[in-house]
Amino acid sequence: MVTRRLSLILPALLLPALIGCSSHNAAPVPLSAEAVKAVNDKPGVDREALARAVDDLFSRAETAETRAVVVLKDGRIVAERYAAPYHENTRFVSWSMAKTVTGVMIGQLVSDGRLRLDESVPIPAWQRPGDPRGEITLRQLLQMRSGLQHTEAEGPIYLTDTARMLFLDGRDNMAAYAEAQPLEAEPGKKWEYSSATTVILADLAARSLSATSDPAERRRLVSDYLRNRLFEPLGMKSVLPEYDAAGTLIGGSLIHASARDWARFGEFLRNKGAVKGAQLVPSGWIEFMTGPGPRNPGYGAQLWLNRRPVDGGEAMWPGLPGSAFSMNGHLGQFVLIVPSQGLTIVRLGKTDEGKHDPVRRAMGRIARLYIRD
């Protein structure tokens, strides 16, 4: 009787295990023609492996909604894919990736002698006798440690300085709104990420080019400077920056460009500010931008670094070299640069805040295909 019971029970117990083994050993699901077509014939790694890694960004629920991916190895596009209706000529909004563009422009103005890195910044409202904000330096602004009372994303969104500055009472003169905030900490002592801080940098750029307060002239001067000194030399023909009503570049969040042009900018950073043998910004400036800030080793100067952040959490890009860095934007915009591997990886899309870890892990899997032990 016991033997008969066992003969009935054992198959039922073993069936899930057998199914699991069968599933584990099953051949991978065939890739779509679109996934295969997205990868070059000679990408420098196994073509199918790269196609699958890129496909993960488009096909998995946790990485939705990916709209564009571009992968460059040693300056050559090895994979490029778009989700309908997006394509190679679509302009994608930067969100906070714009901060890095602003940071590079500031570096060029410092190189020109128009701004000083370690001097009090020339904001008229801060130069009144006794105003402690007069101690804030350009370096501190670039490294997000000005000490200004800026609230980026805590609490109700309508109370954040970012929303108020971009869409509410600060929208017509964003720099004036950002510069009017008081100190909450001694300049240089506290790290706090802030889009308002980068708008102050954009205002300083306009002020360094002219003393005019005419919005149209401010807009023209900064636009011409960016086009002639940065975008045209890089071949970034799609770029469309936005300005507020006061003529200030919305340099913390609103620059539009194609995925290929964001990749070109990433390559420019990977090559330490050079393109086709021309040094558009001193290489030392890019080294400054990619060096850890004194109050947050996970952040440089308008760039995110692959180091443990100030709160002691995990590095931005686990499993990748410590020299990796990235431009990060709201809703999951990323340009990841891994200099030691000659890699630039662009991912653009719309993924809710707090859900970006799977996107970064998927991008990391692409990068690790190229890492040789």
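Ala98, Lys99, Thr100, Val101, Thr102, Gly103, Val104, Met105, Ile106, Gly107, Gln108 and Leu109 of helix H4 are buried, where buried means under 20% relative accessible area, exposed over 50% and partly exposed in between, with a 1.4 Å probe and protein chains only. The model is predicted, so local features need pLDDT of at least 70 and side-chain atom pairs count only at pLDDT 80 or more, while totals for chains, interfaces and linings use all residues. Residues are numbered from 1 along each chain as its sequence is written, and side-chain values use heavy atoms, with hydrogens and water left out.

Because 12 of its 14 residues are buried, H4 is largely enclosed by the rest of the structure. Helices (H or I, at least four residues) and strands (E, at least two) are DSSP runs, numbered from the N terminus. From first C-alpha to last, H4 reaches 20 Å, close to the 20 Å expected at 1.5 Å a residue; the expected span is 1.5 Å times one less than the number of residues. After H4 comes Gly113, with a positive phi near 85°.

A partner of H4 (residues 98-111) is helix H9 (residues 215-234): their axes come within 11 Å and cross at roughly 90°. Axes here are lines fitted to C-alpha atoms, for helices over the stretch in contact, and angles run from 0 to 180 degrees between N-to-C directions. H4 and H9 are therefore roughly perpendicular to each other, a term for angles of 65 to 115 degrees, whereas under 35 is roughly parallel, over 145 roughly antiparallel and the rest oblique. On the H4 side, Val101, Val104, Met105, Gln108 and Leu109 make the contact, and on the H9 side Val222, Tyr225, Leu226, Arg229, Leu230 and Phe231; contact means heavy atoms within 4.5 Å.

The largest nonpolar core has 74 residues, of which Leu230, Trp262, Phe265 and Leu269 touch the most other members. Such a core is a set of buried Ala, Val, Leu, Ile, Met, Phe, Trp, Tyr and Cys residues joined through side-chain atoms within 4.5 Å. Helix H8 (residues 195-209) gives the most to this core, nine residues. Beyond its neighbours within four places in sequence, Phe265 is in contact with Thr100, Val101, Val104, Leu230, Leu234, Met236 and Met327. Apart from this core lies another, of 35 residues, including Tyr193 and Trp317.

Ile77 belongs to strand E2 (residues 76-82). Its relative accessibility is 29%, so Ile77 counts as partly exposed.
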